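Work through the exercises below with the sequence and the 3D structure open. Each task is followed by its solution.

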Amino acid sequence: MTFDRVPGVLGRIVRERAQDYADAPTDLGPARPRPRLFHAALAREGLHLIAEVKRASPSQGRIADLDPRAAALAYERGGAAAVSVLTEPRHFGGDAQALLDVTGALTIPALRKDFVVHPAMLREAAEWGARAVLLMVSVLGEAVGTYLEYAHHVGLDALVEVHDDAELDIALAAGAEIIGVNNRDLTTLHIDLRTAPRLIRRARDAGFTGLLVAESGYSAPADLEHVRGLADAVLVGSSLAASGNLERAARDLMTA
Ligand SMILES: O=C(O)c1ccccc1NCC(=O)[C@H](O)[C@H](O)COP(=O)(O)O
């Protein structure tokens with residue numbers, strides 16, 4: 001699979017990741033049971049927080065020198081239902097050890113947040129203790145259905161991310177159980193908080209009965225009013241990571 005058609009910053013990142021995994025074996029190993037712990041954490045009544053361990057990003061540069069384990073434990077104490085851990089090294093300051101440190105310490109489930117371009121990344125995520133992976137329709141296109149099967153094979157839930165109507169149609173056709181709508185256009189890095197509520201309504205109108213996650217750009221309780229009663233969860237990184245007190249920031253953000 002080549003990624004020449006993926007534009008902008010995102011294109012650069014995914015081509016780098018494809019190069020990183022160019023020689024990795026495609027074998028997923030034996031099938032593992034899927035306990036659906038990430039799904040279960042978000043499926044209860046109400047709006048849940050997926051708090052992200054995010055040390056840097058293309059839009060913000062350096063955010064905070066977080067210790068991943070301490071950060072994730074603070075998020076857990078602050079009421080997060082799940083954590084997202086970046087493992088992309090060049091632009092987000094992530095690595096395998098960050099995920100291993102988090103999954104070794106937490107009781108809530110962890111999502112491996114990376115730019116999945118190769119089946120080996122799913123096998124790794126399972127081996128490193130993640131309960132879910134991010135699959136981006138903007139990167140994988142129609143192949144997201146195949147990657148969804150790979151994720152399930154290794155026992156992982158998948159957060160299938162979309163940003164526009166065409167990507168949502170692909171996620172629905174692929175049989176996604178959890179769809180994330182990213183408010184951030186990953187080509188321009190522009191954030192529009194109207195994107196998630198619009199596409200979430202569209203998914204429900206199309207008969208989608210799975211879980212819906214609103215992603216990116218949330219920093220205050222008032223921001224969440226756009227998605228309260230619509231989304232099952234919000235995925236928040238930069239504002240929490242930069243707060244200086246992750247436990248309190250997580251708790252304060254979700255207080256209606
Ligand atoms: O965050 C970025 O600048 C970025 C740039 C290019 C590709 C992906 C990027 N971020 C991934 C995400 O969408 C976020 O990490 C996640 O949704 C949390 O967003 P935020 O709360 O705005 O940090």
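**Exercise 1: the ligand**

Find polar contacts (N or O pairs within 3.5 Å) between side chains and ligand oxygen atoms.

Solution. Start at Ser238: a side-chain N or O atom lies 2.5 Å from an oxygen atom of the ligand. Go on to Ser216, where the corresponding distance is 2.7 Å. Then take Arg184, with a polar side-chain atom 2.8 Å from a ligand oxygen. Now the cover: on its own the ligand has 510 Å² of accessible area (Shrake-Rupley, 1.4 Å probe), and the protein covers 98% of it.

The model is predicted: local features need pLDDT of at least 70, side-chain atom pairs count only at pLDDT 80 or more, and totals for chains, interfaces and linings use all residues. Residues are numbered from 1 along each chain as its sequence is written, and side-chain values use heavy atoms, without hydrogens and water.

**Exercise 2: the shell**

Which residues come nearest to the ligand, and how does the shell split by class?

Solution. Around the ligand (a heavy atom within 4 Å) there are 19 residues. Glu52, Lys54, Ser59, Ser216 and Ser238 come nearest. The classes are 7 nonpolar, 7 polar (Gly among them by definition) and 5 charged residues.

**Exercise 3: aromatic pairs**

How many aromatic pairs does the whole structure hold?

Solution. The search finds 2 (ring centres within 6.5 Å). One of them is Phe92 with Phe115, 5.5 Å centre to centre.

Terms used. A polar contact is a pair of N or O atoms within 3.5 Å; within protein, one must be able to donate a hydrogen and the other to accept it, and residues adjacent in sequence count only if both atoms are side-chain atoms. Rings of Phe, Tyr and Trp (its six-membered ring) pair if their centres lie within 6.5 Å; planes under 30 degrees apart count as stacked, over 60 as edge-to-face and the rest as tilted.
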